[in-house]
Amino acid sequence: MRIIILFWLSRKFILSPRLPTAVNLITIISIIGICLCTAAMVMVLSVFNGFETLMQELFAKIDADIQLTPRNGKYLEYPIFQKDLQQDFIQYHTPIFENRALVQYQDKQVMVVLRGVSNQYQLVSRYQEAIYDGKKQLDSAGEFPTVLLGAGVAYQLAANLEDKLHPLKLFTISENADLLTNPEAALQQINAFPAGYFSIQKEYDDQLVLAPLSVVHSLFQVDTSLTTTIEIRLKPGTNPLKAKLKLQQIVGNKAIARTSIEQHETIYLVMRNEKQIAFLVILLMLIIAAFNLVSSLTMTIISKKREIAVLQTVGANQIAIQKLFLCLGLLISGIGSLTGIGLGSTLVVLQDKYKLLKLNGGETFLLDAFPATLQSLDLVQIMGTVIVITLIASYWPAKQAAKRLIIENLQYR
(Lines give C-alpha, C1' and ligand atoms only; values in the text may rest on other atoms or scores of the structure.)
Protein backbone atom coordinates (compact mmCIF):
# COMPACT_ATOMS: atom_id res chain seq x y z
CA MET A 1 0.00 0.00 0.00
CA ARG A 2 2.85 2.40 0.87
CA ILE A 3 4.50 1.70 -2.49
CA ILE A 4 1.29 2.61 -4.29
CA ILE A 5 1.09 5.87 -2.36
CA LEU A 6 4.71 6.69 -3.15
CA PHE A 7 4.14 6.05 -6.88
CA TRP A 8 0.98 8.19 -6.72
CA LEU A 9 2.94 11.04 -5.12
CA SER A 10 5.91 10.68 -7.48
CA ARG A 11 3.73 11.00 -10.58
CA LYS A 12 3.07 14.65 -9.60
CA PHE A 13 6.79 15.36 -10.14
CA ILE A 14 6.84 14.21 -13.78
CA LEU A 15 6.38 16.88 -16.44
CA SER A 16 4.66 19.17 -13.97
CA PRO A 17 3.77 22.66 -15.24
CA ARG A 18 5.18 23.99 -11.95
CA LEU A 19 8.62 22.62 -12.81
CA PRO A 20 11.04 24.72 -14.87
CA THR A 21 11.02 24.00 -18.60
CA ALA A 22 14.64 22.76 -18.44
CA VAL A 23 13.71 20.09 -15.86
CA ASN A 24 10.79 18.84 -17.97
CA LEU A 25 13.03 18.82 -21.06
CA ILE A 26 15.68 16.69 -19.33
CA THR A 27 12.94 14.31 -18.14
CA ILE A 28 11.62 13.98 -21.69
CA ILE A 29 15.14 13.31 -22.96
CA SER A 30 15.54 10.63 -20.27
CA ILE A 31 12.29 8.93 -21.30
CA ILE A 32 13.21 9.08 -25.01
CA GLY A 33 16.73 7.75 -24.35
CA ILE A 34 15.47 4.79 -22.32
CA CYS A 35 12.72 4.18 -24.88
CA LEU A 36 15.11 4.05 -27.84
CA CYS A 37 17.67 1.86 -26.01
CA THR A 38 14.95 -0.56 -24.92
CA ALA A 39 13.47 -0.71 -28.43
CA ALA A 40 16.96 -1.32 -29.85
CA MET A 41 17.48 -4.19 -27.39
CA VAL A 42 14.18 -5.79 -28.40
CA MET A 43 14.94 -5.52 -32.12
CA VAL A 44 18.57 -6.66 -31.96
CA LEU A 45 17.85 -9.66 -29.72
CA SER A 46 14.87 -10.59 -31.91
CA VAL A 47 17.06 -10.54 -35.03
CA PHE A 48 19.56 -12.88 -33.36
CA ASN A 49 16.64 -15.10 -32.32
CA GLY A 50 15.46 -15.08 -35.92
CA PHE A 51 18.84 -16.19 -37.25
CA GLU A 52 19.08 -18.93 -34.60
CA THR A 53 15.60 -20.16 -35.50
CA LEU A 54 16.57 -20.08 -39.17
CA MET A 55 19.69 -22.17 -38.49
CA GLN A 56 17.64 -24.70 -36.55
CA GLU A 57 15.17 -24.99 -39.41
CA LEU A 58 17.95 -25.39 -41.98
CA PHE A 59 19.85 -27.99 -39.96
CA ALA A 60 16.59 -29.85 -39.26
CA LYS A 61 16.36 -30.61 -42.98
CA ILE A 62 19.49 -32.75 -42.87
CA ASP A 63 19.97 -33.63 -39.19
CA ALA A 64 18.02 -36.10 -37.11
CA ASP A 65 16.72 -35.36 -33.61
CA ILE A 66 19.44 -37.49 -31.99
CA GLN A 67 22.68 -38.85 -33.40
CA LEU A 68 24.73 -41.75 -32.09
CA THR A 69 28.46 -41.62 -32.82
CA PRO A 70 31.34 -43.95 -31.82
CA ARG A 71 32.89 -43.34 -28.43
CA ASN A 72 35.98 -45.30 -29.41
CA GLY A 73 37.19 -46.03 -32.91
CA LYS A 74 35.63 -44.99 -36.23
CA TYR A 75 32.63 -47.25 -36.63
CA LEU A 76 29.54 -48.60 -34.90
CA GLU A 77 28.09 -52.04 -35.53
CA TYR A 78 24.49 -51.25 -36.35
CA PRO A 79 23.00 -54.69 -35.44
CA ILE A 80 24.32 -54.35 -31.88
CA PHE A 81 22.10 -51.29 -31.33
CA GLN A 82 18.88 -52.76 -32.74
CA LYS A 83 17.57 -53.78 -29.32
CA ASP A 84 18.73 -50.54 -27.65
CA LEU A 85 16.79 -48.50 -30.20
CA GLN A 86 13.48 -50.24 -29.53
CA GLN A 87 12.25 -47.52 -27.19
CA ASP A 88 8.79 -45.97 -26.95
CA PHE A 89 10.15 -42.45 -27.62
CA ILE A 90 11.98 -43.45 -30.84
CA GLN A 91 9.95 -43.35 -34.05
CA TYR A 92 12.57 -44.18 -36.69
CA HIS A 93 16.30 -44.88 -36.88
CA THR A 94 18.73 -45.53 -39.70
CA PRO A 95 22.47 -46.15 -40.22
CA ILE A 96 24.70 -43.60 -41.93
CA PHE A 97 28.17 -44.25 -43.37
CA GLU A 98 30.20 -41.11 -43.98
CA ASN A 99 33.75 -40.57 -45.18
CA ARG A 100 35.90 -38.35 -47.36
CA ALA A 101 36.07 -38.91 -51.12
CA LEU A 102 37.20 -37.20 -54.31
CA VAL A 103 34.59 -36.44 -56.98
CA GLN A 104 35.63 -35.77 -60.55
CA TYR A 105 33.46 -34.49 -63.40
CA GLN A 106 35.28 -34.13 -66.70
CA ASP A 107 38.29 -31.88 -65.87
CA LYS A 108 37.06 -30.64 -62.47
CA GLN A 109 37.68 -32.24 -59.09
CA VAL A 110 36.55 -31.51 -55.54
CA MET A 111 36.98 -33.18 -52.17
CA VAL A 112 33.65 -34.01 -50.54
CA VAL A 113 32.05 -35.70 -47.57
CA LEU A 114 30.31 -38.73 -49.03
CA ARG A 115 27.32 -39.75 -46.93
CA GLY A 116 25.76 -43.14 -47.58
CA VAL A 117 22.09 -43.29 -46.63
CA SER A 118 19.39 -45.95 -46.70
CA ASN A 119 15.75 -45.63 -47.77
CA GLN A 120 14.88 -45.00 -44.11
CA TYR A 121 16.88 -41.78 -44.20
CA GLN A 122 13.91 -39.83 -45.57
CA LEU A 123 12.00 -40.81 -42.42
CA VAL A 124 14.56 -39.39 -39.98
CA SER A 125 15.67 -36.43 -42.13
CA ARG A 126 13.82 -33.81 -44.18
CA TYR A 127 16.57 -33.59 -46.78
CA GLN A 128 14.10 -33.94 -49.65
CA GLU A 129 12.66 -30.52 -48.76
CA ALA A 130 16.06 -29.00 -49.56
CA ILE A 131 16.26 -30.43 -53.09
CA TYR A 132 15.62 -27.57 -55.51
CA ASP A 133 16.45 -29.26 -58.82
CA GLY A 134 16.24 -32.83 -60.10
CA LYS A 135 14.88 -35.98 -58.52
CA LYS A 136 14.47 -36.55 -54.78
CA GLN A 137 15.14 -40.28 -54.76
CA LEU A 138 18.49 -42.06 -54.84
CA ASP A 139 18.84 -45.10 -57.10
CA SER A 140 21.34 -47.94 -56.73
CA ALA A 141 19.63 -50.47 -59.02
CA GLY A 142 20.63 -49.08 -62.43
CA GLU A 143 23.86 -49.44 -64.37
CA PHE A 144 25.18 -46.39 -62.55
CA PRO A 145 23.92 -45.32 -59.12
CA THR A 146 22.69 -41.77 -58.57
CA VAL A 147 23.85 -39.22 -56.00
CA LEU A 148 22.59 -35.88 -54.69
CA LEU A 149 25.03 -32.98 -54.76
CA GLY A 150 25.17 -29.98 -52.47
CA ALA A 151 24.73 -26.69 -54.33
CA GLY A 152 28.36 -25.68 -53.70
CA VAL A 153 29.70 -29.03 -54.89
CA ALA A 154 27.55 -28.86 -58.03
CA TYR A 155 28.82 -25.34 -58.72
CA GLN A 156 32.48 -26.29 -58.31
CA LEU A 157 32.08 -29.27 -60.61
CA ALA A 158 29.81 -27.44 -63.08
CA ALA A 159 27.73 -30.63 -62.99
CA ASN A 160 24.92 -31.12 -65.48
CA LEU A 161 21.84 -33.18 -64.67
CA GLU A 162 21.12 -33.70 -68.37
CA ASP A 163 24.57 -35.06 -69.18
CA LYS A 164 24.27 -38.85 -69.49
CA LEU A 165 27.57 -39.27 -71.33
CA HIS A 166 29.97 -38.15 -68.63
CA PRO A 167 29.30 -39.72 -65.21
CA LEU A 168 30.76 -38.47 -61.97
CA LYS A 169 33.80 -40.42 -60.79
CA LEU A 170 34.05 -41.06 -57.05
CA PHE A 171 37.50 -41.98 -55.74
CA THR A 172 38.68 -43.08 -52.33
CA ILE A 173 41.49 -45.04 -50.71
CA SER A 174 40.58 -48.50 -49.45
CA GLU A 175 41.39 -49.09 -45.78
CA ASN A 176 42.03 -52.78 -46.47
CA ALA A 177 44.71 -52.27 -49.13
CA ASP A 178 48.44 -52.15 -48.49
CA LEU A 179 49.69 -48.80 -49.76
CA LEU A 180 53.33 -49.89 -49.62
CA THR A 181 53.20 -53.13 -51.61
CA ASN A 182 50.28 -52.43 -53.94
CA PRO A 183 49.32 -48.71 -53.99
CA GLU A 184 47.32 -49.02 -57.22
CA ALA A 185 44.93 -51.52 -55.64
CA ALA A 186 44.23 -49.08 -52.82
CA LEU A 187 42.48 -46.63 -55.14
CA GLN A 188 38.78 -47.41 -55.41
CA GLN A 189 36.42 -45.88 -57.97
CA ILE A 190 32.69 -45.86 -58.64
CA ASN A 191 30.87 -43.97 -61.38
CA ALA A 192 27.55 -42.27 -60.68
CA PHE A 193 25.16 -39.73 -62.18
CA PRO A 194 23.80 -36.72 -60.28
CA ALA A 195 20.09 -37.09 -59.54
CA GLY A 196 19.57 -33.60 -58.10
CA TYR A 197 20.94 -30.66 -56.16
CA PHE A 198 20.10 -29.55 -52.62
CA SER A 199 20.75 -26.35 -50.69
CA ILE A 200 20.72 -26.36 -46.89
CA GLN A 201 23.54 -24.30 -45.44
CA LYS A 202 26.98 -23.39 -46.75
CA GLU A 203 28.70 -25.89 -44.46
CA TYR A 204 26.74 -28.69 -46.14
CA ASP A 205 26.33 -27.23 -49.62
CA ASP A 206 30.07 -26.91 -50.22
CA GLN A 207 31.08 -30.45 -49.29
CA LEU A 208 28.20 -32.90 -48.82
CA VAL A 209 27.18 -35.58 -51.34
CA LEU A 210 24.41 -38.09 -50.58
CA ALA A 211 24.65 -41.58 -52.07
CA PRO A 212 22.96 -44.98 -51.53
CA LEU A 213 24.34 -46.74 -48.46
CA SER A 214 25.17 -49.96 -50.34
CA VAL A 215 27.20 -47.99 -52.91
CA VAL A 216 29.24 -46.22 -50.22
CA HIS A 217 29.89 -49.48 -48.38
CA SER A 218 31.13 -50.98 -51.64
CA LEU A 219 33.31 -47.99 -52.46
CA PHE A 220 35.05 -47.99 -49.08
CA GLN A 221 35.14 -51.81 -48.95
CA VAL A 222 33.74 -52.13 -45.44
CA ASP A 223 31.28 -54.58 -43.95
CA THR A 224 27.63 -53.66 -44.48
CA SER A 225 27.00 -53.85 -40.72
CA LEU A 226 29.37 -50.96 -40.04
CA THR A 227 28.19 -47.37 -39.74
CA THR A 228 29.75 -44.10 -38.69
CA THR A 229 26.57 -42.70 -37.14
CA ILE A 230 23.03 -43.77 -36.33
CA GLU A 231 20.36 -41.13 -36.97
CA ILE A 232 17.22 -41.16 -34.80
CA ARG A 233 13.84 -39.47 -35.24
CA LEU A 234 11.86 -39.03 -32.01
CA LYS A 235 8.12 -39.33 -31.72
CA PRO A 236 6.26 -36.00 -31.87
CA GLY A 237 6.14 -34.18 -28.54
CA THR A 238 9.24 -35.88 -27.14
CA ASN A 239 11.75 -33.65 -25.37
CA PRO A 240 15.07 -34.15 -27.26
CA LEU A 241 17.27 -33.46 -24.23
CA LYS A 242 15.42 -35.88 -21.96
CA ALA A 243 15.35 -38.51 -24.72
CA LYS A 244 19.08 -38.06 -25.30
CA LEU A 245 19.89 -38.53 -21.60
CA LYS A 246 17.73 -41.63 -21.40
CA LEU A 247 19.22 -43.10 -24.57
CA GLN A 248 22.74 -42.39 -23.32
CA GLN A 249 21.99 -44.42 -20.21
CA ILE A 250 20.75 -47.28 -22.40
CA VAL A 251 23.70 -47.43 -24.82
CA GLY A 252 26.24 -46.73 -22.06
CA ASN A 253 29.84 -46.57 -23.29
CA LYS A 254 29.05 -48.06 -26.68
CA ALA A 255 28.26 -44.68 -28.26
CA ILE A 256 27.78 -40.96 -27.65
CA ALA A 257 24.29 -39.51 -28.02
CA ARG A 258 23.93 -35.89 -29.18
CA THR A 259 20.92 -33.71 -29.90
CA SER A 260 20.65 -31.70 -33.12
CA ILE A 261 21.83 -28.55 -31.30
CA GLU A 262 24.83 -30.37 -29.82
CA GLN A 263 25.80 -31.53 -33.32
CA HIS A 264 26.42 -27.86 -34.21
CA GLU A 265 27.37 -26.63 -30.76
CA THR A 266 30.13 -24.31 -32.03
CA ILE A 267 27.85 -22.43 -34.43
CA TYR A 268 25.15 -21.93 -31.79
CA LEU A 269 27.76 -20.91 -29.21
CA VAL A 270 29.17 -18.25 -31.56
CA MET A 271 25.69 -16.88 -32.29
CA ARG A 272 24.78 -16.71 -28.61
CA ASN A 273 28.08 -14.98 -27.78
CA GLU A 274 27.40 -12.42 -30.50
CA LYS A 275 23.93 -11.92 -29.09
CA GLN A 276 25.37 -11.27 -25.61
CA ILE A 277 27.96 -8.84 -27.00
CA ALA A 278 25.26 -6.91 -28.87
CA PHE A 279 23.20 -6.81 -25.67
CA LEU A 280 26.17 -5.44 -23.71
CA VAL A 281 26.85 -2.73 -26.33
CA ILE A 282 23.26 -1.48 -26.13
CA LEU A 283 23.44 -1.83 -22.35
CA LEU A 284 26.29 0.70 -22.34
CA MET A 285 24.07 3.06 -24.31
CA LEU A 286 21.33 2.54 -21.74
CA ILE A 287 23.76 3.35 -18.93
CA ILE A 288 24.67 6.61 -20.70
CA ALA A 289 20.97 7.39 -21.03
CA ALA A 290 20.65 6.80 -17.29
CA PHE A 291 22.88 9.85 -16.65
CA ASN A 292 20.00 11.97 -17.92
CA LEU A 293 17.84 10.28 -15.30
CA VAL A 294 20.30 11.33 -12.58
CA SER A 295 20.19 14.92 -13.86
CA SER A 296 16.41 14.86 -14.04
CA LEU A 297 16.05 13.62 -10.45
CA THR A 298 18.62 16.07 -9.12
CA MET A 299 16.97 19.09 -10.75
CA THR A 300 13.52 17.90 -9.65
CA ILE A 301 14.79 17.72 -6.07
CA ILE A 302 16.11 21.28 -6.29
CA SER A 303 12.90 22.59 -7.84
CA LYS A 304 10.54 20.76 -5.48
CA LYS A 305 12.33 21.20 -2.16
CA ARG A 306 9.46 23.20 -0.64
CA GLU A 307 6.89 20.52 -1.50
CA ILE A 308 9.16 17.83 -0.11
CA ALA A 309 9.69 19.89 3.05
CA VAL A 310 5.93 19.88 3.51
CA LEU A 311 5.96 16.08 3.30
CA GLN A 312 8.64 16.03 6.00
CA THR A 313 6.62 18.22 8.30
CA VAL A 314 3.66 15.83 8.10
CA GLY A 315 5.79 12.85 9.08
CA ALA A 316 7.74 11.68 6.02
CA ASN A 317 11.13 10.54 7.30
CA GLN A 318 14.43 10.25 5.44
CA ILE A 319 13.75 6.71 4.20
CA ALA A 320 10.32 7.71 2.89
CA ILE A 321 11.80 10.65 0.94
CA GLN A 322 14.48 8.37 -0.48
CA LYS A 323 11.86 5.81 -1.55
CA LEU A 324 9.81 8.59 -3.12
CA PHE A 325 12.64 9.50 -5.48
CA LEU A 326 13.43 5.88 -6.19
CA CYS A 327 9.80 5.47 -7.23
CA LEU A 328 10.11 8.62 -9.34
CA GLY A 329 13.12 7.15 -11.14
CA LEU A 330 11.28 3.85 -11.67
CA LEU A 331 8.26 5.72 -12.99
CA ILE A 332 10.33 7.69 -15.52
CA SER A 333 12.21 4.59 -16.70
CA GLY A 334 8.99 2.55 -16.64
CA ILE A 335 7.34 4.95 -19.09
CA GLY A 336 10.42 4.85 -21.33
CA SER A 337 11.00 1.09 -21.16
CA LEU A 338 7.37 0.06 -21.66
CA THR A 339 7.10 2.45 -24.58
CA GLY A 340 10.35 1.06 -25.96
CA ILE A 341 9.21 -2.55 -25.58
CA GLY A 342 5.96 -1.70 -27.32
CA LEU A 343 7.77 0.15 -30.11
CA GLY A 344 10.40 -2.57 -30.54
CA SER A 345 7.85 -5.38 -30.49
CA THR A 346 5.73 -3.59 -33.07
CA LEU A 347 8.72 -3.12 -35.38
CA VAL A 348 9.70 -6.79 -34.96
CA VAL A 349 6.19 -7.93 -35.88
CA LEU A 350 6.15 -5.61 -38.90
CA GLN A 351 9.59 -6.86 -39.97
CA ASP A 352 8.47 -10.47 -39.66
CA LYS A 353 5.31 -9.84 -41.66
CA TYR A 354 6.31 -7.23 -44.26
CA LYS A 355 10.13 -7.70 -44.48
CA LEU A 356 10.84 -3.98 -44.12
CA LEU A 357 14.60 -4.26 -43.60
CA LYS A 358 16.16 -6.07 -46.58
CA LEU A 359 19.39 -8.06 -46.68
CA ASN A 360 22.04 -6.91 -49.13
CA GLY A 361 22.49 -9.61 -51.73
CA GLY A 362 19.27 -11.28 -50.59
CA GLU A 363 18.57 -12.46 -54.13
CA THR A 364 21.50 -14.89 -53.85
CA PHE A 365 20.80 -15.94 -50.25
CA LEU A 366 18.11 -17.99 -48.59
CA LEU A 367 16.51 -14.83 -47.20
CA ASP A 368 15.68 -11.46 -48.68
CA ALA A 369 15.18 -9.75 -45.29
CA PHE A 370 16.41 -9.96 -41.70
CA PRO A 371 14.52 -12.64 -39.73
CA ALA A 372 13.08 -11.55 -36.38
CA THR A 373 11.53 -13.62 -33.61
CA LEU A 374 10.18 -12.26 -30.33
CA GLN A 375 10.90 -14.25 -27.18
CA SER A 376 9.19 -13.48 -23.89
CA LEU A 377 12.36 -14.37 -21.96
CA ASP A 378 14.22 -11.56 -23.74
CA LEU A 379 11.51 -9.06 -22.80
CA VAL A 380 11.75 -10.12 -19.15
CA GLN A 381 15.55 -9.81 -19.28
CA ILE A 382 15.33 -6.34 -20.84
CA MET A 383 12.78 -5.13 -18.31
CA GLY A 384 14.80 -6.51 -15.41
CA THR A 385 17.96 -4.84 -16.73
CA VAL A 386 16.22 -1.46 -17.02
CA ILE A 387 14.87 -1.74 -13.45
CA VAL A 388 18.31 -2.58 -12.03
CA ILE A 389 20.02 0.29 -13.88
CA THR A 390 17.24 2.67 -12.80
CA LEU A 391 17.58 1.74 -9.15
CA ILE A 392 21.35 2.23 -9.31
CA ALA A 393 21.01 5.57 -11.13
CA SER A 394 18.28 6.81 -8.76
CA TYR A 395 19.87 5.69 -5.50
CA TRP A 396 22.56 8.37 -5.16
CA PRO A 397 20.42 11.48 -5.88
CA ALA A 398 17.58 10.08 -3.74
CA LYS A 399 19.90 9.42 -0.79
CA GLN A 400 21.66 12.77 -1.06
CA ALA A 401 18.35 14.60 -1.37
CA ALA A 402 16.94 12.97 1.77
CA LYS A 403 20.01 13.90 3.84
CA ARG A 404 20.13 17.47 2.58
CA LEU A 405 16.41 18.12 2.90
CA ILE A 406 16.38 17.33 6.61
CA ILE A 407 18.75 20.24 7.23
CA GLU A 408 16.87 22.47 4.77
CA ASN A 409 13.61 21.57 6.48
CA LEU A 410 14.95 22.69 9.81
CA GLN A 411 16.01 25.97 8.25
CA TYR A 412 12.60 26.29 6.57
CA ARG A 413 10.89 26.01 9.96
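Begin by selecting Leu-6, Phe-7, Leu-9 and Ser-10 in helix α1, which meet Ala-320, Lys-323, Leu-324, Cys-327, Leu-328, Leu-330 and Leu-331 in helix α12; contact means heavy atoms within 4.5 Å. These residues divide into nine nonpolar, one polar and one charged, where Ala, Val, Leu, Ile, Met, Phe, Trp, Tyr, Cys and Pro count as nonpolar, Asp, Glu, Lys and Arg as charged, and the others, Gly among them, as polar.

The model is predicted: local features need pLDDT of at least 70, side-chain atom pairs count only at pLDDT 80 or more, and totals for chains, interfaces and linings use all residues. Residues are numbered from 1 along each chain as its sequence is written, and side-chain values use heavy atoms, with hydrogens and water left out.

Next, display α1 (residues 2-10) and α12 (residues 318-354) as whole helices: their axes come within 8 Å and cross at roughly 65°. Helices (H or I, at least four residues) and strands (E, at least two) are DSSP runs, numbered from the N terminus. The axes are lines fitted to C-alpha atoms over the stretch in contact, with angles from 0 to 180 degrees between N-to-C directions. The two helices are therefore roughly perpendicular, a term for angles of 65 to 115 degrees.

Now select Met-41, Leu-286, Phe-325, Leu-328, Ile-332 and Ile-382, which touch the most other members of the 34-residue largest nonpolar core. Such a core is a set of buried Ala, Val, Leu, Ile, Met, Phe, Trp, Tyr and Cys residues joined through side-chain atoms within 4.5 Å; buried means under 20% relative accessible area, exposed over 50%, and partly exposed in between (1.4 Å probe, protein chains only). Helices α2 (21-60), α10 (265-303), α12 and α13 (376-412) are the elements that give two or more residues to this core. Centre on Leu-286: beyond its neighbours within four places in sequence, Leu-286 is in contact with Ile-34, Cys-37, Met-41, Val-386 and Ile-389.

Move to Ala-101 in strand β3 (residues 90-105). Ala-101 belongs to a second, separate core of 27 residues and counts as buried because its relative accessibility is 1%. Not counting residues up to four places away in sequence, Ala-101 touches Val-110, Met-111, Val-112, Leu-114, Phe-171 and Phe-220.

Finish in two loops. Ala-158, between α4 (151-157) and β7 (168-173), has a positive phi near 55° and is partly exposed at 43% relative accessibility. Gln-221, between α7 (213-220) and β10 (226-227), has a positive phi of about 55° although it is not a glycine.

Terms used. Parallel < 35°, antiparallel > 145°, perpendicular 65-115°, else oblique.
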